[in-house]
Amino acid sequence: MKRWVRPLIALLAAVSLGAVAHAQIVIKPAVVFSTGGKFDKSFNEGVWQGAERFKKETGIAVAEFEPSNETQFEQVLRRFAQRGQDPIIAVGFAQAVALEKVAKEFPNVHFTLIDSVVNLPNVQSVVFREQEGSFLVGMLAAMASKTGKIGFVGGMDIPLVRRFQCGFEQGIKYANPNAELITNMTGTTPAAWNDPGRGAELAKGQFDRGVDVVYAAAGSTGLGILQATRDRGKLGIGVDSNQNHLHPGNMLTSMLKRVDLAAYNSFKAAQDNQWKGGTQVLGLKEGGVDWALDKDNEKLITPQMKAAVDAAKAAIISGQIVVHDYMSNNSCKS
Amino acid sequence: MQELTADAAIELRGIDKSFGSVHAVRGVSVRIERGSITGIVGENGAGKSTLMSILYGLYRADAGEILVDGRPVEMASPRDAIGHGIGMVHQHFMLVDSFTVLENLVLGAEGGALLARGLAAARTELARLARDYGLTVDPDARVADLSVGEQQRVEILKVLLRGARILILDEPSAVLTPQETDRLLQILRVLRDRGVTVVLITHKLREILAVTEKVIVMRRGEVVAERRTADTNAEDLAELMVGRKVRFDLDKAPARKGETLLAARHLSLVDGRGVRLLDDISLEVKAGEIVGIAGVSGNGQTELLQVLSGIRPPSGGEFEACGRKVDATHPVDPAEMRDLGVAHVPEDRLRQGLVPAFLASETSILGYQDREPFCHNYILDGPAVGKYCADLMERFDVRPRTPGLLSSSFSGGNQQKLILAREMARDPKVLLVGQPTRGVDIGAIEFIRRELVRSRDAGCAVLVVSVELEEILSLADRILVMFAGRIVGEVAAGQADERTLGLMMAGARAA
Amino acid sequence: MSALRRPLPGWVEIGLLPLANIALAFLVVSVIVAIIGVDPLHALRLLVLGALGSSESIGYTLYYATNFIFTGLAVAVAFHAGLFNIGGEGQAYIGGLGCGLAVLALDRYLPGLLMIPLAILASAAFGAAWAAIPAWMQAWRGSHIVITTIMFNFVASALMVYLMVNVLIAPGSMTPQSRGFGASAQVPSMQAALQWIGIAVAPSALNLSLLLALLSCVGVWIFLWHTPWGYGLRTMGHNPEAALYAGTNLKRTTMLAMCLSGALAGGVAVNELLGVHHRLVLDFAAGYGFTGIAVALMGRGHPLGIVLAALLFGALQQGGAELAFESPRITREMVVVIQGLVILFSGALVHLPRPWLQALFARRG
């Protein structure tokens, strides 16, 4: 991950250099993870990495808690607020209800909610346009596929994952209207995020039906999917963080979702006394989602492919292409 | 006294044991002579099993001491007892059904990590024991395939293999057929002749008289008598056990028969595998008579009672009880049979007649739990049930008279009396009774038989199934013999003798 | 005759033995906690204070206990009938579906006094219906209830996700949860209820469902030990042949026991949905159904024992969360290990200290 993050860090460093002018204040940040736990190889872990980076750079301790059930969200958010932790990051859509309640009780404490929206002045909501990043990797998949059959293996069957799938599908059709998408969801419970064995089985099943590129949007389950991809000599697409290094030569690309940045930025802004409430929607334009190109996959991406994707990216940023959001109407048809 | 201990294999001195408020063993002192067979008799609850459990280390005595070969020893667990050469054969076998005889024999004494070596050693040892004691069992047979008598021999072998020189047998004949019992007694004689000391706990006087040299009689936790077997007889021992004169003959008036209350016509029952369990059974029981069904166990008696009590519907034929016709298409359930006035004392009291984990008071309403006076407005009346149970206990002399005690804490005879009380208390028109006195002590046997006759004289139609021929002969006014699911003969009580009935029961001849 | 289990005085059996078990568990826990570098006494203090130290923590302890009482009773009722109901989880979940459907359909039209009882009935009815299918399959088709109830947990979970994602999701919602319940369908929190009578406590998830749980205990006690049906049910559980002999219809009793069990499991939905979340959410059953098995076993199937066991489990759940919260070295997983050890010693190894106590009392008595 570090390989490709470096330019971004440089960019951020430039931004924060500019921010040095602001007076820094003492903060006591905290993170409440989702029930998946912080080492889920997915977005909880992304938040954790962002927090770790903040810790390392500033030496400020970050309090954290991994709830074991949903009722604890409210309890823990309140306990953090009572103890004077500020700002507090709540990870995952499931915390929205609890956070709304607690944020009202503590109007002077700053909360950041990742992956969902709560409209309160002291709440910063960070959501991502995963469909945009998925659109780009969908294009790559369609262009790289020789059979014209592309696979999608999602984690738990929830609207958020369908948003990935829907963006991916649009990207495929954009690049090759005749390509076919085969979709499987790993399961319907949170266990689906952590079932590499089943992920591998689903991927193999797709390969048997002619699929030669598969998009693993399934947390830790994806590790099994990508392993099966390598074993069968097919191409895989990683998710959330850059997973290209897992199987160089068999990883077409990864769809990046920069929750680490969101977490880091929230703390940093608070430290600089620049924290603002409101909703941040992070898409391609904001650098919140992207696709990964590094030495592990550069041989797989032809100049034509890169050109086509770059053009589409520019078109999405400029608004010429609008990628439909599944969650806007709970349907993949606009 | 001291010089006598030399030839005593075991001596118990002043053994005392209480369970809560129950004083089970009261200062008992006994001497068991080496190389002899000693019988310990007493009614259920007399304390004989508790005494032997103390000897075997299962319970610890509150007071008193145990001497083995004249030396005081500590019996903290069965392991100690085995170490002193004492082995116990329990009434309920402790064998793994799916293992072979040999595997069962090495169980708990496998002799090292490699089973093969232990098995080989056991095989040699087994051959020696078979030679010495005439205890022949196929070492490679599966226990499940053995008869009950053979399984018991395996238990005895198991104890001998552990090096026991003193063998305690707790009610060994309770599960055996008469032939198997004879075989067991023969084995015990051989063991004695080879120097093994045997203690036989039983309440069957026939066995005591047949095999022991000395009898110790216990009653209410005390030793009330010791007799040389040669100097005593059944009446004497029974009187000592019960504490009063016991009458073995039942004098009853001739039956005054009334209308037919139970009639079966061509009843049959076929199980799921197509086996014919009941075949063309026709019988009648009239008010005021006792009809006895004799037969060797497993010839359809169990199934006949199940069908007549409504537990299983018949496959063919029909029967009529108190005016209700029942056949395959018009089945009946046991609750309805009770409503009609058909009561049933089941033959297996522990599995059917009561729930061991229930209180005695709960057992006293089994099958009647949703009726007045136990239940009003769908709520059980606890005090009413308790009082009812106490009444039953008083009327049928159930001891101890504690409705709040678990059913399993009562002796077999008292459990049976409680069940009988429950079924007879509501003055049934028809009374079905299976094995009325199986595993019941002498005093209770006498009582139960009298109650059945009293019920008959009150106008009840009584059907008694028993494998004890003596019981059928003394109770029944009319005797039917069952063999292989059929009724093979009918004899009036006056004309019956053991020989003819025995031949019929063996299927040798139809009357 | 349980010859090897010599009887102990009653107060030792009921009082000292469980205490010895818990003490043993904490001894082992202390060693583990010390190994990861946390002072065991400090950790124990955090655990106990976290569970019982303030009105808020007591509130959460009792809130968890409410769930455990419901699922513990559910398991116990089936257990008394000789049925091992592993499906409390799924029954609670489907109970929530019933609760949610009733509320979403009617909360705009009915006042709370009608809406809440109706929603409770719907929870119980759906929970019972979900248990009735495995019960029917066992009674009439001979499928083993342990297997079918486990499978029905998965079916329930899949069904709920499908319905939540595709049907019941609030329009425009990012997350698979229904719209919020109207005020008429919210069981008052204990904080609010106590405020009416002038007692101030900190807010917590505890709500009046606790009273429903305690009422259910009384109801189960009356049913099992003071009605002819409960009598028949227990007879079947202890001795099916005796039940048959007594004229108890085993199939109907199986249905009765399982439906009652499922209805009790549905109580979790009342506590979670009507009491806390105020909307239909995914995975609110969160393992309470499975923990209910341990609660029922530890409580020896008796409602009073279940209440005590539920309190212990509730305290462990809440105290454990506080422990993880206050002590960064103790992770969520460590808390599960601690809870597991307490359950192990006071459940599976319940007879471990018995020989020592017996030796102690044999010498004395």
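## A walk through chains A, B and C

Let's start in chain B, where the centres of domain 1 and domain 2, taken over C-alpha atoms, are separated by 36 Å. What we're looking at is a predicted model, in which local features need pLDDT of at least 70 and side-chain atom pairs count only at pLDDT 80 or more, while totals for chains, interfaces and linings use all residues. Residues are numbered from 1 along each chain as its sequence is written, and chains are lettered from A and ligands numbered from 1 in the order in which they are written.

Back to those two domains of chain B. Domain 1 covers 2–242, and domain 2 is put together from 260–354 and 428–505; the bounds come from an automatic or database domain assignment. Seven residues of domain 1 of chain B are in contact with four residues of domain 2 of chain B, where contact means that the C-beta atoms of two residues, placed from the backbone, lie within 7 Å. On the side of domain 1 of chain B that touches domain 2 of chain B, you'll find four nonpolar residues, two polar ones and one charged. (Ala, Val, Leu, Ile, Met, Phe, Trp, Tyr, Cys and Pro count as nonpolar, Asp, Glu, Lys and Arg as charged, and the others, Gly among them, as polar.)

Now for a sheet in chain B. It is open, has six strands in the order S6-S7-S8-S3-S9-S10, and its pairing is mixed. Helices (H or I, at least four residues) and strands (E, at least two) are DSSP runs, numbered from the N terminus, and two strands pair if DSSP finds at least two bridges between them. Strand S6 (86–89) and strand S10 (222–228) of chain B sit at the edges with a single partner strand each, so one side of each has no neighbour in the sheet. On average, neighbouring strands of this sheet are turned by 20° against each other, direction ignored. Inside the sheet, strand S3 (residues 37–41) and strand S8 (residues 197–202) of chain B pair in the parallel sense over five bridges, and B:Thr38 stands opposite B:Val199 in S8(B).

What packs on this sheet? Helix H8 (residues 234–242) of chain B does, touching S3, strand S9 (214–219) and S10 of chain B, with its direction at about 30° to that of S9(B). Helix H5 (residues 148–161) of chain B lies across S6 and strand S7 (166–170) of chain B, running at about 165° to S6(B). For these angles, axes are lines fitted to C-alpha atoms, for helices over the stretch in contact, and angles run from 0 to 180 degrees between N-to-C directions.

Over to chain A, which also gets two domains: domain 1 (2–128 + 258–282) and domain 2 (131–256 + 299–329). Their centres, taken over C-alpha atoms, are 28 Å apart. Ten residues of domain 1 of chain A are in contact with ten residues of domain 2 of chain A. By class, the domain 1 side has three nonpolar, four polar and three charged residues.

Chain A has an open sheet of six strands too, ordered S2-S1-S3-S4-S5-S11 with parallel pairing. Its edge strands are S2 (63–65) and S11 (278–282) of chain A, each pairing on one side only, and the twist averages 15° from one strand to the next. Strand S5 (residues 123–128) of chain A pairs with S11(A) in the parallel sense over five bridges, with A:Gln124 opposite A:Gly278 in S11(A).

Helix H4 (residues 96–105) of chain A lies across strand S3 (88–91), strand S4 (111–114) and S5 of chain A, at about 170° to S4(A). Helix H9 (residues 259–271) of chain A packs on the sheet as well, touching S3, S4, S5 and S11 of chain A, and its direction makes about 175° with that of S4(A). Which residues of H4(A) are buried? They are A:Ala96, A:Val97, A:Ala98, A:Leu99, A:Val102 and A:Ala103; buried means that 20 or more other C-beta atoms lie within 10 Å of a residue's own, with C-beta atoms placed from the backbone. Those buried residues pack against helix H3 (71–82), S3, S4 and S5 of chain A.

Finally, chain C. Its secondary structure comes to 16 helices and zero strands. The radius of gyration of chain C is 22 Å, close to the 21 Å that the globule rule gives for 365 residues, so chain C is as compact as a globular protein of that length. That radius is taken over C-alpha atoms, and the rule is 2.2 Å times the number of residues to the power 0.38. Buried residues make up 53% of the 365 residues in chain C.

How does chain C meet chain B? 18 residues of chain C are in contact with 27 residues of chain B. Helix H9 (228–238) and helix H10 (240–245) of chain C each supply at least two residues of the chain C side, and H9(C) gives the most, with five residues.

Key: Buried ≥ 20, exposed ≤ 12 C-beta atoms within 10 Å, placed from the backbone.
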